[in-house]
Amino acid sequence: MTHYLFILVGAVLVNNVVLVKILGLCPFMGVSKKLETAYGMGAATTFVLTMATGASYIIDHYLLIPFGLEYLRTLSFIVTIAAIVQMTEMVIAKTSPTLQQTLGIYLPLITTNCAVLGVPLLNISNGYNFVESLLFGAGSAFGFSLVLILFAGIRERVEGADVPVYFRGSAIAMVTAGLMALAFMGFAGLDKYQ
Amino acid sequence: MLMNLFKFKGGVKPPTNKTQSNTLPIAQAPLPSRLIVPLHQSIGGTPRPVVKAGDHVLKGQLIGEADGWISAAVHAPTSGTVLEVAMHVQPHPSGLDAMCVVIEPDGRDKWIAHGPLDYAAMAPEAVREHLQQSGVVGLGGAAFPTHGKLTASKTVPMDELIINGAECEPFITCDDLLMRERAEEVVRGIGIFRDLLQPKKVLIGIEDNKPEAAAAMRAAVDALNEPFLVIQVPTLYPAGGAKQLIRVLTGKEVPAAKRSTDLGVQCFNVATAYTAWRAIAHGEPVVSRLVTVSGNVHAPRNYEVLIGTPMGELLKLATPHPDTDGIVMGGPMMGFLVPNEQVPVIKATNCLIAHSDRVFPPKAPEMPCIRCGACAEVCPHELQPFEMYWFSRAKNFGKTQEYHIFDCIECGCCSFVCPSRIPLVQYFRFAKSEIWAREREKNAADGAKTRFEFKQLRDEREKAEKAEKLAKVAAAQAAKKAAEAAAAAAAETAAAETGAPGNDSAAPESKAVAEATTLPDATLTTVDAEKEAKRAAIAAAMARAKAQRDAMPAKNTEAVTIEQQRAIDDIEARRAVLAPAAVPGEKTE
Amino acid sequence: MDILLAIAIMALGAVVLGAALGFASVKFKVEGDPLVEKIEGILPQTQCGQCGFPGCKPYAEAIAKGEVDINLCPPGGMEGVQKLADLLGREVKELEAEEKPKQVAIIDENTCIGCTLCIQACPVDAIVGAAKQMHTIIAPLCTGCELCLPPCPVECIRMEAIGENLDNWKWKYPVIEIKTEMRKAAPMMKAA
């Protein structure tokens, strides 16, 4: 059981998808200006990423590997993820307008999110089974949400600070992200207890 | 008599500076050279002026009539001549003008006929009405019309009536002196409030740095045999804030967005009780009040001052030191520098402090917030001023509201303790007024949108109705013509039958049909003719107006600035472009 | 053979996913566009037509479709442009026209002939009057759109800027005072 826990915690903190793997930087910089949007984006990504890992595992194991088509992985994953996201968006728009309010505008953004493609590919290179894949996907998504929300909180505060003119906007955001990444490096120490 | 007191969180203890002005008895300020009485002196509607320049008024005569229920009347403070009803600078931090009645005293100070009212026989409504007509407002500083607070809530039983004699701000001693010298009238005034509100308990809160006032009030309560409790509360700023005093005396905390009435508590200032008693027992409206004059002056003291007295003239009575460079209205914590010394004393003026750098050394420049949390510790409303400051500064107003900026009473405790000398309250006031302005704009935009949509709907409906009407008229006329034609045809056929049988009777019918089809055009032409007449009338009127305008050149075009001229040219150019599209008459089609 | 299999499988996948998406788009179709409402909420609702559209809603619809720029609304000012840019993720642009202070229309009641043309022109019903009766503007309802100026045959309507008064006065942003040394230095520099 501890094995699963390590996968989960490792994905959230130690191998954080944004700050350590440097994946999904566009939403990380783009949707982190306000805390509310960060919550929405975090929730949407968590949902989609978990779905995508599951679906891509199934496609990989029951379609690509039996026919020896592993070289088509990237292509087929992209298509699947895009379709899943689009379908989810339509279903949400119809069934739950309130959820649409919070998640709606972020879902199309996720289609082109490299973290969503990267995590299924990492799953395969790590040789995870179905449950492990799901856990790793969910953990990465939690890690992404955590970092995004933390970063949005920091940026909201930075907006009120006396930042030198030439550092305002994206520049100071990059510096902040760098400092956060340094801080997350500290979690690498958790490896010792594995 | 012993009572368990509660505490409110936070608070500060600034040097009280009260002993300078509370040693001498109240003095009567002499008549000033002129009186500038603002019409809008209380929260609520602006009273309408009922006098005009040249009128002679008597002391206590109505000059501004209350506008609506939350509004209080304004009266002439002395007898004399109305010089003008005009805009004058207000004792307000903005330094903007508002409508004032300027009176030149005739020196006789002659009262209008007035006398005691038969209070025992008056219905509660009549008492409230009389207080409104007498201009009785909260004299603690907020100037809320008192009668508006004297209706007990129907749903919540009235538990406590709190009388505020705490007077927590430094320098101010006018309530102190009032209680010392006129305790009996204050207690009688409280009696009126008690009769109107029927509370279970009446608590008079006085800070324990005013033992004489408390003793005088106790003596008066005993002498009048009233069951009021005079309670000395610990000296701690802002114990005199209504919510804080309620907390200290009753332990009840007034929640955000609720009023104390909802908890069965009502709070009045001692001076308000005094003026209420004067209004009922003597029929005197509020034409004067006690004002502490202190600060950078030789002889600090309390004066009974007529409303409308220019502040400069009042300050001269206390002989200010030569280095005085301004007047602060209110105390040092919540007061503000008035725009000039001609601004009048109003009902909300409890204190004038002569300002100089000696008494109030200039603050060193603002430094960055170090998030020490000192402001949060002293905030009497348990807010987080450092967070509110941060977001006000970044103009992130949504966040300031999340931190409950509207619960802030602007007491100034946070600014007082801030080690970085940040003027926190100024940031909060800025954020609040920005939020209010946005709210106003949003409401205006929403209103405009609904009216616009309604207008569109109406236009469409009218168009449809008009078309329908036109069609009906056309149909009716066609039917009439057809009937006529049929009758004619019948006659013809009858004639033909008698004369020449076998004549084609279909011809007139087809003629009638043809006529009916051309009919709408006919009706349209009549409508057009009407319009033509209207158009001619408009053209004539235009010519007339133009002649009138040419005969009398506009007065305001002589001294236009370049910008104004440019703006005019712009408008003219736009008009030239739009004019062909909007020739009168065509618009109505 | 392998390549054919690959093509077949990918094509099959594409057909399945495409069919699912097509089905979903029909089955879960939603009416109305929430974006238009959001844009309209930002626009100032003056209905002045200065953007070239007859009212705020048509302009909002055009923005939502991406047909026009977001900088065509002078009454909204730069603040409005900023908000639209934030909402739509577009770039902030300078306003097309000059930003004007808030205005209110005023009818010179001595010159007014009671033609009702301005009443018909007013998009927000802020003018009262009847035929051959004097008209007047309900100042709090006036949006200052100037649409009543051109139709007036006797030019009796003028625009006046709404000044600051005690009701709309706002506390200013606290500014750190310039130090006295600097204040003294300024005239010297002028002299030099």
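The model is predicted.

Start with chain B. It has 589 residues, and 40% of them count as buried. Its secondary structure comprises 14 helices and 17 strands. Now look at how chain B folds back on itself. Take the contacts in chain B with a separation of 6 or more: 73% of them join residues 24 or more positions apart.

Chain B has two assigned domains. Domain 1 covers 27-352, and domain 2 covers 553-589. Between the C-alpha centres of these two domains of chain B the distance is 52 Å.

Next, zoom in on a sheet in chain B. Three strands make up this open, antiparallel sheet, and their order is E3-E5-E6. Strand E3 (48-49) and strand E6 (74-75) of chain B are the edge strands. Each pairs with a single partner strand, so one side of each has no neighbour in the sheet. The E3 pairing can be followed residue by residue. E3(B) runs antiparallel to strand E5 (residues 62-65) of chain B, and two bridges join them. One bridge can be named: B:Arg48 is partnered by B:Glu65 in E5(B).

Move on to chain C. Helix H1 of chain C takes in residues 2-27. Is H1(C) buried, or in the open? Of its 26 residues, the number buried is zero, so H1(C) lies largely in the open.

Domain 1 of chain C is 34-88, and domain 2 is 103-161. Their C-alpha centres are 25 Å apart. Where the two domains of chain C meet, five residues of domain 1 contact seven residues of domain 2. The domain 1 side of that contact has one nonpolar residue, four polar residues and no charged residues.

Finally, bring the two chains together.

Terms used. Residues are numbered from 1 along each chain as its sequence is written. Chains are lettered from A and ligands numbered from 1 in the order in which they are written. This is a predicted model: local features need pLDDT of at least 70, side-chain atom pairs count only at pLDDT 80 or more; totals for chains, interfaces and linings use all residues. Domain bounds come from an automatic or database domain assignment. Ala, Val, Leu, Ile, Met, Phe, Trp, Tyr, Cys and Pro count as nonpolar, Asp, Glu, Lys and Arg as charged, and the others, Gly among them, as polar. Two strands pair if DSSP finds at least two bridges between them. Helices (H or I, at least four residues) and strands (E, at least two) are DSSP runs, numbered from the N terminus. The expected span of a helix is 1.5 Å times one less than its number of residues. A residue is buried if 20 or more other C-beta atoms lie within 10 Å of its own, exposed if 12 or fewer, and partly exposed in between; C-beta atoms are placed from the backbone.
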